[in-house]
Amino acid sequence: MEETAIVLMLKEQETGFLTKELGCYTVVGNPALLYQIYAEETEHGIVVHMGLTCEKETQDWEYEAIFDYYDTEALAEWTDQVVEEEGHWNPVWFAMFPFLQEEEEMKRRMEDILQAHALELQSVYEAIVDKKDDYCE
């Protein structure tokens, strides 16, 4: 399995600037699926925004099919919310969850989310393999 270092930074809501390092984590597995990651302070504490994507370049018809078949509930065990974000080259989802102070817990949470996302993407790829005609006119 691949390892990658993830530096989690606090993002200032007003300016969008990354202002403070919250932690650095060596995460195992599926680093190509991570689009971006940052945290924001809210009235409920610090919330992590973990952007997830596909490991391959998608064709136009696949873009819509992936969004249609992807079940965000696959990440529900580890996240408070998962939202689709269109307008990127490939499909992107943002998984939100509370920042965990304990380094090992935070690392495990990120790995669990990446693994669940990878499994859901694999399921989606299998489901849409013969759906090209449904999305092409």
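Biologist: What should I know before we start?

Modeller: The model is predicted: local features need pLDDT of at least 70, side-chain atom pairs count only at pLDDT 80 or more, and totals for chains, interfaces and linings use all residues. Residues are numbered from 1 along each chain as its sequence is written, and side-chain values use heavy atoms, with hydrogens and water left out.

Biologist: Why is C136 called partly exposed?

Modeller: Buried means under 20% relative accessible area, exposed means over 50%, and partly exposed lies in between (1.4 Å probe, protein chains only). C136 has 36% relative accessibility, so partly exposed is the term. C24 is also partly exposed, at 40%.

Biologist: What makes Y63 and F67 an edge-to-face pair?

Modeller: Rings of Phe, Tyr and Trp (its six-membered ring) pair if their centres lie within 6.5 Å; planes under 30 degrees apart count as stacked, over 60 as edge-to-face, and the rest as tilted. The centres of Y63 and F67 are 5.3 Å apart and the planes stand at 90°, so the pair is edge-to-face. Both residues lie in helix α1 (residues 60–69), four residues apart, about one turn of the helix. Helices (H or I, at least four residues) and strands (E, at least two) are DSSP runs, numbered from the N terminus.

Biologist: Why is the pair of Y70 and W93 called stacked?

Modeller: Their ring centres are 4.1 Å apart and the planes meet at 25°, so this pair is stacked. Y70 lies in the loop between α1 and β5 (81–85) and W93 in strand β6 (residues 92–98), so the pair ties together parts 23 residues apart in sequence. Both Y70 and W93 are buried. Y63, F67, Y70 and W93 form one aromatic cluster.

Biologist: How do you know that β4 and β6 pair?

Modeller: Two strands pair if DSSP finds at least two bridges between them. β4 and β6 have six, in the antiparallel sense, so they pair. W93 in β6 is the bridge partner of L52. Strand β3 (residues 34–42) and strand β4 (residues 45–52) are antiparallel too, over eight bridges. L34 stands opposite L52 in β4. A hairpin of two residues joins β3 to β4.
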